[in-house]
Amino acid sequence: MVVARLSPEMSAAEWQQRVDLAACYRLLAHYRMTDLIYTHCTVRVPGEPGRFLINPYGHRWEEITASSLVKIDVDGNKVGDSPHRVNPAGFTIHSAVHMSRHDAACVIHTHTRAGMAVASLREGLLPLNQIALQFYGRLGLHDYEGIALDLDERERIIADLGTHCGLLLRNHGLLTVGRSVAEAFNLMFYLERACEVQVATLSMGREIVLPPREVCEKVGAQYDQMNFDDGDLQLEWDAHLRLLDALDPSYRT
């Protein structure tokens, strides 16, 4: 299904980012990672420094389309004539990451049951299994400071994220960053799965076996050294898009 971009003035690169971000919202909804109309996923607009795409405030994530996404600046203000509202207060966390991590094209933030549960534990994410070990030594931790409305919190978010691929937002939720929408979604999918497995494991009330530290470090380093230049990530993303196209291809409009 091929859909023309919004206007002749819009670059093909921006339209592709819109399609991918709309797909990301639909996938998060499909995998039950939404918080009604709240939380956000954002992506940089190619060739327009300091500008990003975000969801139209008030839309269910199942409703989001490429054309409904809103272009904003680093302060969360609308750019252009979109008829849709945005939620500037919710952009505090995203703006912090986009302003400091220029490699982070896409930022995903969720408030899932399992993610918030694990983020509320003193230990955070435990190295219980191979999925969790993907994030060993690669996940930052940011202490809860209240609803993210204060712009001065951005400096501490930036410091806690550092060069990591994601954050546990203490008592709050999860955050991942990626060089593309596909990469950020891949990380969030597996971070959420790791949290779900941890909740399930701890609920069994049995003795837990953790791998030795040297094994944890080895696996964490293996993941850190892995990259998707060989096309694996694109193969995975294409599979996601085929799923969406089979369910409802309207995200492309």
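**Exercise 1.** Which residues form a nonpolar patch on the surface, and what is their accessible area together?

*Solution.* The model is predicted: local features need pLDDT of at least 70, side-chain atom pairs count only at pLDDT 80 or more, and totals for chains, interfaces and linings use all residues. Residues are numbered from 1 along each chain as its sequence is written, and side-chain values use heavy atoms, without hydrogens or water.

Step 1. Patch members have over 30% relative accessible area and no salt bridge; like charges are joined within 9 Å and nonpolar side chains (Val, Leu, Ile, Met, Phe, Trp, Tyr) within 5 Å.

Step 2. The patch consists of Leu202, Ile208 and Leu210, with about 230 Å² of accessible area together (Shrake-Rupley method, 1.4 Å probe, only the protein chains shown counting as cover).

Step 3. Isoleucine 208 lies in the loop between H6 and H7 (helices are DSSP runs of H or I, at least four residues; strands are runs of E, at least two; both are numbered from the N terminus). Isoleucine 208 counts as partly exposed because its relative accessibility is 34% (buried is under 20%, exposed over 50%, partly exposed in between, with a 1.4 Å probe and protein chains only).

**Exercise 2.** Identify the salt-bridge partners of lysine 71 and locate each of them.

*Solution.* Step 1. The criterion is a side-chain nitrogen of Lys or Arg within 4 Å of a carboxyl oxygen of Asp or Glu; the structure holds 14 such salt bridges.

Step 1. One partner is glutamate 14, at 3.2 Å from N to O. This pair links strand S3 (residues 70-73), which holds lysine 71, to helix H1 (residues 12-30), which holds glutamate 14, 57 residues apart. Lysine 71 is buried at 13% relative accessible area, and glutamate 14 is buried at 3%.

Step 2. Another partner is glutamate 48, with the closest N and O atoms 3.1 Å apart. Glutamate 48 lies in the loop between strand S1 (41-44) and strand S2 (51-54), so its bridge to lysine 71 in strand S3 ties together parts 23 residues apart in sequence. Glutamate 48 counts as partly exposed, at 21% relative accessibility.

**Exercise 3.** Is aspartate 245, which bridges to arginine 252, buried or partly exposed?

*Solution.* Step 1. In this salt bridge the closest N and O atoms are 3.1 Å apart.

Step 1. Aspartate 245 is partly exposed, because its relative accessibility is 29%; arginine 252 is buried, at 17%.

Step 2. Elsewhere, salt bridges with shared partners join Glu14, Arg18, Glu48, Arg51 and Lys71 into one network.
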